[in-house]
Each structure stands twice: as structure tokens, then as C-alpha cells.
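Here's a quick briefing on how the parts of this structure meet. Have a look at the model first, then read on.

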Amino acid sequence: MNNQSEASVSGSAPYISLAAVGFGYGGETVLDGIDLDIARGEFVAVIGPSGCGKSTLLRLLAGLAFPDTGLLTVSGRPVSGPGLDRAVVFQDYSLFPWMSCRDNIVLALEQAGMGSSRGERRAIASEYLELVGLRTDGGKLPGELSGGMRQRTAIARALAVNAPILLMDEPFGALDEITRARQQDLLLGLWQDSGGEHGKTVIFVTHDVEEAVILGDRVIVMATRPGRVVRDMAVGLSRPRSRHGALHHGNFVPIRDELLDVLNQVVGEQLDPGAPSGEGGGI
Amino acid sequence: MSRGKNGKPGGETGGRFGSLLIFAGLIILYSLFTDVFALFNGMIFPGWRKIVPDAIKSAPLLFNGLLNSLGLLVPAVLGAFLTGMGLGVAVGLHPRAKRVLMPLFRAMNPVPSTMLIPYAIAVLPTFWLSSVAIIYVGVLWPVLMNTLHGIAMLEPRWIDNARCLNLEGWRLIRKVVLPGAMPQIFAGMSAGLIRSFLLLTVAEMFGAKAGLGFFVQYYADFAEYGRVIAGMMFLSAVVVSIMAVFDLVQRRTLHWTKKR
């Protein structure tokens with residue numbers, strides 16, 4: 001079922017490409033004219049106020065919905081539906097509550113055609129649970145774990161199926177501050193261990209500016225009504241990175257403040273759409 | 001059933017103890033009204049002194065009745081559970097079929113299956129089959145309607161998740177649709193099971209030569225109220241036992257709902 005084939009990806013063509021992508025729902029334009037090229041191995045953070053369509057963008061990438069206009073391709077092929085080449089981690093519901101954490105991962109492995117026997121798949125699942133620090137919790141139901149542990153299980157599942165693309169929709173949005181910080185470090189570590197910029201491509205939706213800067217190579221800022229890209233900013237922080245290292249990097253504060261400015265402008269327009277856009281130049 | 005967040009085993013046994021206490025109190029109270037002070041009509045409300053020997057005398061007959069009743073109940077109820085779920089899943093997963101069939105289901109669902117008795121007897125070759133059919137139809141509706149409801153109520157995010165995993169067809173049903181709809185399906189099966197006990201006695205009114213409902217009605221005709229009460233108590237003991245097994249299966253299957 002894996003749609004990607006190594007041969008078809010030439011060095012120059014973008015790995016993931018959105019060209020003038022538009023999407024509407026119930027008569028309202030949710031996304032309008034999205035142009036975005038993402039290279040293999042990039043870690044792209046997407047931020048924007050609620051209602052800017054960033055989750056919808058992720059649904060399009062996941063193949064759960066299809067663009068009304070424009071073209072969305074992965075490895076040069078239009079996305080025709082969900083696929084196991086794109087592992088999705090949702091905010092707090094990536095796991096089926098009636099299966100143990102290990103069985104959730106085993107099911108994904110079965111679907112991906114990985115492991116030759118049930119025993120082998122269980123072993124792979126245990127290996128990845130251990131990787132995210134949940135070695136002894138595999139037999140528990142998702143509902144018996146904390147939110148942070150559930151998200152770690154979901155990340156373990158996404159890594160276990162070895163999908164080249166990870167789509168993450170505010171995976172740490174429902175977590176408390178400290179847990180979130182730990183998950184960010186864990187994700188950075190896992191992504192770098194899995195090959196970093198030579199490994200998995202990550203598209204990470206968040207509403208937290210600092211999170212976007214800590215994790216991303218690139219931050220996409222979106223605005224509302226209609227949802228569109230207003231800023232595409234490279235984060236020049238070195239790799240490999242840790243949360244602590246990123247926060248104390250000299251460039252962190254300027255990048256964060258610039259992004260906050262852009263977001264403020266976006267939200268200001270949203271709150272006061274009638275205001276003359278002459279001042280400040282608009283976007 | 002209590003849905004306490006952390007069901008303390010102590011509370012559970014405490015509850016059972018309370019039930020037993022009330023049960024024992026009722027037996028003693030009945031004894032006072034009949035055996036001791038004879039305040040009731042002794043013919044319609046015989047005391048334990050009459051009921052207990054009658055029950056012992058009737059034991060073989062009651063046991064035989066139980067087998068006959070189960071011979072009606074088990075195939076009818078299991079058949080209704082399976083076909084109700086199967087039909088519910090088949091229709092529930094196909095929006096167009098559901099749109100067409102739902103008004104029909106809504107119209108047929110409230111018709112008491114006892115009203116079909118004359119037709120069942122006229123159309124079906126044996127009385128046994130007619131009785132089974134009446135119970136079957138009565139159980140089928142709650143299971144079918146609740147399965148449809150359960151599928152309609154499935155959380156969209158589960159379906160998204162399943163689609164991201166490329167789950168399709170039978171595997172989608174087995175891994176996601178059925179487990180996700182199970183709480184609702186169990187509600188339907190529970191309602192159907194309770195209805196099946198009512199229908200059992202009705203179904204045993206025609207054609208049956210044995211059975212628990214038949215036993216009660218038969219001896220009521222001869223005004224043998226000691227046996228009637230013994231039969232009713234045995235019948236409720238059977239119902240309570242079956243419901244206890246059902247509850248156990250339900251708790252085992254739905255244990256995840258308490259841990260969400």
C-alpha cells in the first residue's frame with residue numbers, strides 16, 4: 001500500500017507539493033490558493049489562529065478530504081486517499097479505546113504488512129513502546145494512560161509503521177506545559193534518531209509559536225477567512241536540536257517575536273475586518 | 001448497572017448483601033401474611049407450607065419445562081442477536097440503503113410481535129417454529145435499531161483513524177465498527193432479552209406442551225396456586241441467572257468504556 005517509490009523521486013522535484021489548493025465546506029472557503037512545496041526530510045511547523053484551516057490542510061495531506069481546486073501531490077502523484085506512507089497523529093484520538101496500546105500498534109503493523117507473525121508484530125510494538133518510555137504499559141488500554149502517554153503511544157505507532165511522512169495535528173495541544181516540553185524533546189530526539197533531515201518528513205500543526213520554532217526547520221503562518229498562507233519562514237537553528245538548546249539559541253527570540261508579530265496582525269484583521277489596511281502595510 | 005468511575009468491589013458486595021436482605025424480608029413478610037396470621041385468601045395466596053412441598057413435587061416438571069423454554073428461547077434470541085447485528089451493520093454502513101429502509105423500520109418496529117401470532121401460526125409449518133418466530137421478531141427490532149443507532153453514533157475520529165490505517169471491509173467492521181457500536185448494541189440486546197422473557201410466556205400459550213410459562217398457566221387453570229407461585233419463582237430465578245450471565249459478558253466486552 002505504500003505509495004512512495006524511491007525511483008520516481010528526483011532530487012529537484014518537491015516531495016510534497018500543493019499548487020493553488022482550495023477547499024470549501026458548506027459554502028464557506030476554508031482554504032484558498034495554498035502554494036507550498038515541502039522537501040523530503042523537512043520538519044515543517046504550521047501555525048495560525050483557530051479557524052485558519054490548518055487542520056483541514058492536514059486532512060488534505062492525509063487524504064481524508066480532497067482539494068476542490070488546485071493540485072496536491074506526494075512523490076509526484078496526486079493524493080487519492082489515506083495511505084500508510086503518511087502516518088497521522090491526531091490531538092487526542094489516534095488510538096482505539098477498546099484495544100490495548102500494544103494491540104493498537106499491532107493493528108497498524110498488520111495493516112502496513114509488517115512482521116511475518118503476530119508474535120513478531122508484538123515484538124516490534126514492544127520495541128517502539130520502549131523507545132517512547134512505555135515498556136511496561138503496552139497491555140493497558142489508552143483510557144488507563146495519561147494524555148501524554150497516549151500521545152507517546154500514538155507517536156510509537158506512527159514510527160513503528162515506518163511511514164516516510166508524519167502528519168501531526170496539534171499532538172501536544174491538550175497536554176500541560178511540563179508534559180508538552182518533554183514530548184517535544186522526545187519527538188525531536190526520535191526524529192533525529194530516525195535520520196533527521198535524511199529521514200522522515202514531518203508536518204506539524206500547532207497553535208503554539210514557541211513549539212513551532214523549537215521543532216520546525218520552517219514555520220508556515222496561516223490566516224483566516226479564507227485560510228491562506230501569509231508567511232513561510234525558515235528557522236535557522238542548527239540541528240540536531242533539543243528544546244533547551246533551541247530556547248537558548250541567540251536567534252530563537254527574534255524568530256519567535258517576528259512570528260508573533262505576524263500572528264498578531266492576522267488576529268487583528270480577524271477581529272476588526274473593516275479596519276483600513278493602509279496602516280502597517282497589511283499583508 | 002452502576003457506572004461508578006472506580007467500581008469498588010466492597011460497594012458491589014455491599015449492594016448484593018442489601019438485595020439479599022430485602023429478599024429475605026419479603027419472604028418473611030409473606031410468611032407472616034399467610035402461614036402465621038392467614039390475612040390473605042389462602043387459596044390464591046398459599047403460604048410457604050404449601051408452596052415448598054409443591055415446588056419439590058414439581059421439580060422434574062419444572063426442569064423439563066426449563067429445557068423446553070430454553071429450546072424456544074436460545075435459538076430465537078441468538079438468531080435475533082446475530083441477524084439484528086448483521087442487518088444493522090449492513091444497512092448502517094450504506095447510507096443509501098439506510099435512507100430507503102429507515103422509514104420502513106420505524107413503521108414496523110413498534111408493532112408488537114404478539115400481533116403476528118395468527119399469521120405465524122397460519123404460515124409456519126410447526127407451532128415450535130411459530131413460537132420461535134414470535135420471540136425472534138420481538139428481539140430483532142431492539143437489536144437492529146440499536147445497532148443502526150450505534151453505527152450512526154460512531155465517533156468520526158475513529159473512522160478517520162481507521163481510514164488512515166487503510167482498514168476496509170470485514171476488518172473495518174470487526175476492528176472498529178462493531179467494537180465502537182458495541183455499547184449501543186448491548187443496550188439493544190439487553191432490551192431484547194427482557195422482551196424475550198415476556199414473549200416466551202405468550203408463545204407458550206399456543207402449541208406448547210411444556211415450558212415454564214406453560215407450567216404457570218396450566219396450573220393456574222386448575223387453581224393450583226402453590227405450583228403457580230413455585231413456577232413463577234423458578235421462572236424469575238432463571239431470568240435472573242440469564243441476565244447475570246449477560247451482564248457478565250457485557251461488562252467483559254465493554255470494560256474499555258469505563259476507562260475512557
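A polar contact here is a pair of N or O atoms within 3.5 Å; within protein, one must be able to donate a hydrogen and the other to accept it, and residues adjacent in sequence count only if both atoms are side-chain atoms. With that rule, four residue pairs (both at pLDDT 80 or more) are in polar contact across the interface of domain 1 and domain 2 of chain A.

This is a predicted model, in which local features need pLDDT of at least 70, side-chain atom pairs count only at pLDDT 80 or more, and totals for chains, interfaces and linings use all residues. Residues are numbered from 1 along each chain as its sequence is written, chains are lettered from A in the order in which they are written, and side-chain values use heavy atoms, leaving out hydrogens and water.

**Confidence in chain A**
- Mean pLDDT (the predictor's confidence in each residue, from 0 to 100) is 82 for chain A, with 90% of its residues at 70 or more.
- Residues 1-10 of chain A have pLDDT below 50, and that stretch has 16 contacts in the model beyond near neighbours in sequence (a contact means heavy atoms within 4.5 Å).
- Over residues 277-283 of chain A, pLDDT again stays under 50.

**Domains of chain A**
- Domain 1 covers 39-51 + 164-272 and domain 2 covers 95-163; such bounds come from an automatic or database domain assignment.
- Their centres, taken over C-alpha atoms, are 26 Å apart.
- Twelve residues of domain 1 touch eleven residues of domain 2.
- The two domains bury about 1,000 Å² between them, 72% of it on carbon and sulfur atoms; buried area is the accessible area (1.4 Å probe) that two parts lose on being put together, summed over both.
- Zero salt bridges turn up across this domain interface (a side-chain nitrogen of Lys or Arg within 4 Å of a carboxyl oxygen of Asp or Glu).
- On the domain 1 side, helix 5 of chain A gives the most, with four residues (helices are DSSP runs of H or I, at least four residues, numbered from the N terminus).

**Chain A against chain B**
- The contact takes in 24 residues from chain A and 19 residues from chain B.
- Chains A and B bury about 2,100 Å² between them, with carbon and sulfur atoms giving 62%.
- A:F96, A:W98 and A:Q111 supply 30% of what chain A buries there, more than any other three residues.
- Two salt bridges link the chains.
- A:E110 forms a salt bridge with B:R171, their closest N and O atoms being 2.7 Å apart.

How values were computed:
Helices (H or I, at least four residues) and strands (E, at least two) are DSSP runs, numbered from the N terminus.
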